[in-house]
Amino acid sequence: MNEKESKLRNKVKQYYVKLYDNLGVIKRNNLYPNLNASSMELINLFVSLRSNLQIDVEIEDDKIINFIVNDTSSMIFELKEEGICSEYNILYNDFIYDIKSKFEDFLFKNCELPYGLRLIKRPIIASTLWSEGIKKRVANLEVIAALHLFKRVVLLGSPGSGKSTIAKILACSKISNVIDATLSIKYENINTWTERDVVPIYTEVKELVSSDLFPQLDERASYNHFLKHLERKITMESDSDVWNYIKEKIQEGKSILIFDGLDEIMVSDKIEDALEKRRDQIISLINSLNRTFPDCRIIVTSRPAGYSGWSLEGFAVLRILPLNSSESLNIIKSILMLNVENNKELDSKSNLLLDHLDRIPTSLRQQPLFVVLLSLLFIKDQRSKLPTGRAALLEHSINLLMQNWSLKNENNKTIEDILNCGKDKVLLLLQIIAYKSLYHEEGDEQESENILINRNIILDELYEIAPNIVSHKILSFISERTGILSSPAQRKYRFAHRLFAEFLAASYLLTRDNYENQITSLLKTSFQTWKEVIILLCDILNKNGKKREIWSIIEDLCLSDMETNDKNLVISKIIIDQGLKVNEISDKPSLKTIVKEVKNSFYNHNREKKSSQVLDISKALMNIGDNRFGVGLDENGIPEFAWCNINYKNGFVGLDEELVEIIKKSKSEEWNFDREIPGYEVDLFPFQMSYYPVTCKQFNVFLNKGYTIDKYWTKEGINWRDNFGSTRFFTYDKDSYPQNKISWYEAIAFCNWFSDISEETIRLPTEIEWEVAARSGKKTIFPWGNDFNFDNVNTLERGFHELLPVGAFSLELKPKQKYPFDMVGNLWEWCSSVVEIIDGDLFKYPLDKIAIRENLELGNKYMRSTRGGYYNASLLRSRSSYRGRDIPSIQVERQGFRVVKSI
């Protein structure tokens, strides 16, 4: 290496040292004011999270002969001995072969599980996990490893999910290669890419589009605009030699371009179609980069809502899964390690905090940001009662961050000293800045960019508080003492997290006169900007015991002329987050009127347009009272069922060659169809089947009035109940949910009890009756036909990963469709029939030995039919002909039932 090359290398290294310090080092005076040291590297606190990519394997002779990665809705790639099959042309083959080889070593050579894979729990009833055959969903790919598969990828994560942290860690892992070998060792597990000499380019999208080098809205954006922005940024930190070096790497395809925060490109609401125009610019920019630098990797991060309506050509979409308890514990430990002295203390405090997480709403405890904040609050004051609500947690967190400004600087000054005001006035200042950063009555387009805030916004408010301040001193203080507000670039400021700005803006709205009258107007002006602010505003009201005001906001929204889907989204989130219940309005006629209007809006909701709302709307409806016929009780408090007539003389069961071929072409998965062939016609007597599975509200009546009465139980059922049933736990507050954790014995007892009180013949369906009903008497794979469409079913592909209220995809007051609801997904349903005897007969099609199969007094070794799949089963496993089975005593989350009536 000559002297010139050596100097350049040193310059490049110095530039990346500064960049690493900006991206990969946590300062004590930022989010972590309780750090014992002045700073800490982000990698020391990093916890790897799971992606939505799942692995299937086919095993033969202690060898993986087929290695498949799916994204829950489709196959990403299939690696067989003859090579890789994929619809994507952006996969990195070396990495795929490497991870497959290491996973094989883990399975059969007792090696460690390779970095980037997380085993998924195996089902209770299954063959040996690593035996011969096809094994489904054996592992998740962690996000960092999954990102390494693609040359073009969009990473989606909810607010606080850690997507920006992942983007920074990924950039730092590549920077570590440039700086020195010692640092690179820290990133050894993360640096799994086969190419080692790539240079990272990390860009915040909001900073890029707010630059004066970025084109006006009516102009197209190209790679040149990005390069000019990058050149200015790099030469300000270093010089033109470093810029030329990095530019050359980009041109050679030896760079990774990371665009963080695609959803934060808010624009002026005064410009017509401004957001669409900005989207077109970003798409144009990305397409230009794709064409000009085809060998460069490109990663884009965004909130899911922010990516709605986008389509970046050639990009795969990757999602961060919500935290599970294991990941939460790892995050807690990584934070608490900053403040404990030994492992015993660490384990004790971590478990204490993990227990506290159980009392926090699921939507919060599944987000890394809130687990981090809760851990920091715990470090601050371990004796205080920790908050559980989102508003309370954000309020505590902001106070924690503001402590940094209340620390004396070298001139023995705090921010209160400089402004000559108290903390309350400083907080009000932040609230106004947050509000104006989201919306400017007199701002131009650039000022409205969110949430990179122009200096003049802050100065305007500072002069209102302290007219005689020296502006550069207070701005320098803010920049140097980064807390809730910091300065990432010249003349630019931002909040530590978008949620902080949204919470502060909500707090400011509440200080204004007639704030209720402004809510609908703000949402109509820019729904995406103000949605979270209004939801947080209601959280603050609830924290302060003002639920009546929340109902008033709901009324205004319901009666507004907002787009129905938008207002239903906000209303449903408010009802769920604030735990609004129907019993709160029992003695308030005015609130009853509001609830009636809300319900009508929900029942008329256009779920086809935004089907992702079904979960929130159905949950909200359950909270305020579900009036649908067939999901609750009659006027006497007795289960009330809506019946669907099943009258098909020549129903079809099983599969024939035509249906098998359709399934094989679906690309969903391979399967052994032995249990379902040959298909054949059956002649059934007419009967009626309940439109919905038995709900919690309906089953609860049986628990109180019939559960302990022996005459309703089989002999085996009584033995089971007396040993296990009395200790069962049921959830009583989820009225419209299907009752799950149900043993077959309990389902039979419920039917006998309801037959007694209704004086009708109520029973479980036989598996033949269930299958014919699920096909509407036709020869099809699913109730609707042969199309593998998962939009309106709760299976693995749909991505909810949790149980939904019954009939969530069709909220009709009275059911109208020709076949029962939820026959695909949501919950496995018991049938009366025996399918298999443990260590004995397999009852294959065409069926015989009917007397044995329908004998209800047989014991636990006679496995009973379960049908329809559940929320974490694939769509194919949930098909009408798939013959599941379980032992009658099993008590699992996935198991429920519906009833039939002889006519």
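Buried means under 20% relative accessible area, exposed means over 50%, and partly exposed is whatever falls in between (1.4 Å probe, protein chains only). This is a predicted model, so local features need pLDDT of at least 70 and side-chain atom pairs count only at pLDDT 80 or more, while totals for chains, interfaces and linings use all residues. Residues are numbered from 1 along each chain as its sequence is written, and side-chain values use heavy atoms, with hydrogens and water left out.

With those cut-offs in hand, look at Asp-347: its relative accessibility is 36%, so it counts as partly exposed. Asp-347 makes a salt bridge to Lys-333, with the closest N and O atoms 3.3 Å apart. For the bookkeeping, a salt bridge here is a side-chain nitrogen of Lys or Arg within 4 Å of a carboxyl oxygen of Asp or Glu. This pair links distant parts of the chain, 14 residues apart: Asp-347 sits in helix 12 (residues 343–357) and Lys-333 in helix 11 (residues 325–336). Helices (H or I, at least four residues) and strands (E, at least two) are DSSP runs, numbered from the N terminus. Lys-333 has a relative accessible area of 25%, so it is partly exposed as well.

How many salt bridges does the structure hold? There are 38 of them. Lys-102 is partly exposed because its relative accessibility is 40%, and Asp-98 is partly exposed at 34%.

Lys-711 is in the loop between helix 28 (696–705) and helix 29 (715–723), whereas Asp-756 is in helix 30 (residues 744–758), so the pair ties together parts that are 45 residues apart in sequence. Lys-711 is exposed, at 60%, while Asp-756 is partly exposed, at 37%. There is also a network of salt bridges, which links Glu-767, Glu-771, Arg-775, Arg-853, Arg-867 and Arg-883.

Glu-60, Asp-61, Asp-62 and Glu-132 form a negative surface patch. Patches are built from residues with over 30% relative accessible area and no salt bridge, joining like charges within 9 Å and nonpolar side chains (Val, Leu, Ile, Met, Phe, Trp, Tyr) within 5 Å. Lys and Arg count as positive and Asp and Glu as negative, with His and the chain ends not counted; each charge is placed at NZ of Lys, CZ of Arg, CG of Asp or CD of Glu. Areas come from the Shrake-Rupley method with a 1.4 Å probe, and for residues only the protein chains shown count as cover. Glu-132 lies in the loop between strand 7 (117–119) and strand 8 (133–142), and it is partly exposed at 47%.

Just after helix 24, Gly-579 adopts a positive phi of about 60°.

Finally, find Ser-255 in strand 11 (residues 255–260). Ser-255 is buried, since its relative accessible area is 1%.
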